[in-house]
Amino acid sequence: MKRLLLIASTLIAATSANAADWRYCLASATDDHKVYMSEPFQTDAPMSTVEEAFARLLARSGLRYGEIQCPRSESEKSALTMRDHAIAFNRTNGNEIAKV
């Protein structure tokens with residue numbers, strides 16, 4: 001939960017009260033068979049800003065990771081559905097999910 005709050009506080013300056021996009025972020029650590037994943041959050045920050053904030057969070061935590069993705073959705077429900085699908089897909093492929 002603390003890490004999710006850190007993501008939110010990092011993005012607060014770029015987030016408006018009427019933000020339209022819902023996102024969650026994920027990054028794979030292929031060698032460790034792990035995928036780091038955030039909870040969905042609402043923001044209107046540019047994708048590059050969101051991905052950079054997630055990268056900083058992972059780096060500060062000392063985690064090794066590869067490519068970062070922060071898929072966009074128009075609603076919390078669809079963001080949760082997308083995230084749940086990503087969790088199921090990665091577990092099926094032998095990856096551990098680590099929520100950050």
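Reply: Two strands pair if DSSP finds at least two bridges between them. Helices (H or I, at least four residues) and strands (E, at least two) are DSSP runs, numbered from the N terminus. In strand 4, W22 has Q42 as its bridge partner. Strand 1 (residues 21-23) and strand 4 run antiparallel, joined by three bridges.

This is a predicted model: local features need pLDDT of at least 70, side-chain atom pairs count only at pLDDT 80 or more, and totals for chains, interfaces and linings use all residues. Residues are numbered from 1 along each chain as its sequence is written, and side-chain values use heavy atoms, with hydrogens and water left out.

In general, strands of a sheet pair through backbone hydrogen bonds, either parallel or antiparallel.

Next, the whole chain. It has three helices and seven strands. From the N terminus on, the elements run α-β-β-β-β-α-β-β-α-β. Of the 100 residues, 38% are buried (under 20% relative accessible area; exposed is over 50%, partly exposed in between; 1.4 Å probe, protein chains only).

Last, a residue in a helix. E51 sits in helix 2 (residues 47-60). E51 counts as partly exposed because its relative accessibility is 24%. Leaving aside neighbours within four places in sequence, E51 is in contact (heavy atoms within 4.5 Å) with I68, Q69 and C70. E51 and I68 are 17 residues apart in sequence, and 6.4 Å apart in space, C-alpha to C-alpha.
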